[in-house]
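Biologist: I'd like to learn how to read a structure like this one. Could you walk me through the features, one at a time?

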Amino acid sequence: MSHVVTIETQIRDPAALAAACRRLERPAPLAGRHRLFAEEVEGLAVSLRDWRYPVVCRTAVGELRYDTFQGRWGDPARLDELVQAYAVEKATLEARRFASPPRDPHRSVRQLSGRRSPANLSPLGVRHDRT
């Protein structure tokens with residue numbers, strides 16, 4: 001049996017968007033009002049290679065605004081590259097965020113590793129009282 005998977009990527013994280021731009025060797029996103037052909041849009045503008053107008057990312061709603069005039073003003077494949085790079089960078093940031101617990105900056109690694117737990121606590125911190 002065949003399974004179809006649909007993935008919809010919304011660009012909402014400015015840090016991941018900036019990382020995607022670095023990955024694609026593009027300038028950093030520029031915040032403000034940006035002119036497309038027929039309108040001005042507020043958001044983070046990304047300049048894609050060989051595009052006449054920027055892609056404007058409205059991160060609050062996950063929306064992209066752009067005008068390619070049916071591919072004449074920019075190759076849609078460049079937009080696909082941006083979305084793919086964003087997805088990779090966002091997944092990387094999230095994986096790093098959940099991979100290691102936050103550490104207390106006032107405690108050294110030596111203090112953390114050399115600490116012994118009481119005899120009645122398991123390695124998971126569950127109390128085992130002996131009666």
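Biologist: Let's start with confidence. What is the mean pLDDT of the protein chain?

Modeller: First the idea: pLDDT is the predictor's confidence in each residue, from 0 to 100. Here the mean for the protein chain is 82, and 76% of its residues reach 70 or more. Some ground rules: this is a predicted model, so local features need pLDDT of at least 70, side-chain atom pairs count only at pLDDT 80 or more, and totals for chains, interfaces and linings use all residues. Residues are numbered from 1 along each chain as its sequence is written, and side-chain values use heavy atoms, with hydrogens and water left out.

Biologist: Where is confidence lowest, and where is it highest?

Modeller: A quick word on names: helices (H or I, at least four residues) and strands (E, at least two) are DSSP runs, numbered from the N terminus. Confidence is lowest in helix H3 (residues 109-113), with a mean of 48, and highest in helix H1 (residues 14-23), at 97. There are also two stretches where pLDDT stays under 50. One covers residues 110-117, with three contacts beyond four places in sequence; the other covers residues 120-131, with eight such contacts. Contact here means heavy atoms within 4.5 Å. Where pLDDT is low, the predicted coordinates should not be read in detail.

Biologist: Got it. How do I read a sheet, and what is the strand order here?

Modeller: Strands of a sheet pair through backbone hydrogen bonds, either parallel or antiparallel. For counting, two strands pair if DSSP finds at least two bridges between them. In this model, an open sheet of four strands has the order E1-E2-E3-E4, with antiparallel pairing. Its edge strands, each pairing on one side only, are E1 (30-35) and E4 (63-65).

Biologist: How many bridges join each pair of strands?

Modeller: Six bridges join E1 to E2, and these two strands form a hairpin with four residues between them. Three bridges join E2 to E3, and three join E3 (residues 55-58) to E4. You can find facing residues too: valine 46 stands opposite valine 55 in E3, while cysteine 57 has leucine 64 in E4 as its bridge partner.

Biologist: Is a residue like histidine 34 buried or exposed?

Modeller: The cut-offs: buried means under 20% relative accessible area, exposed over 50%, and partly exposed in between (1.4 Å probe, protein chains only). Histidine 34 sits in strand E1 and is buried, at 10%. As for E2 itself, five of its seven residues are buried, so the strand is largely enclosed by the rest of the structure.

Biologist: What does the side chain of histidine 34 reach?

Modeller: Look for polar contacts: pairs of N or O atoms within 3.5 Å, where within protein one must be able to donate a hydrogen and the other to accept it, and residues adjacent in sequence count only if both atoms are side-chain atoms. The side chain of histidine 34 reaches the backbone oxygen of leucine 30 at 2.9 Å. A polar atom of that side chain also lies 3.3 Å from the backbone oxygen of glycine 43.

Biologist: And helix H1? Which of its residues are buried?

Modeller: Ala16, Leu17, Ala18, Ala19, Ala20 and Cys21 are buried in H1. The buried residues of H1 pack against strand E2 (40-46), E3 and helix H2 (76-99).
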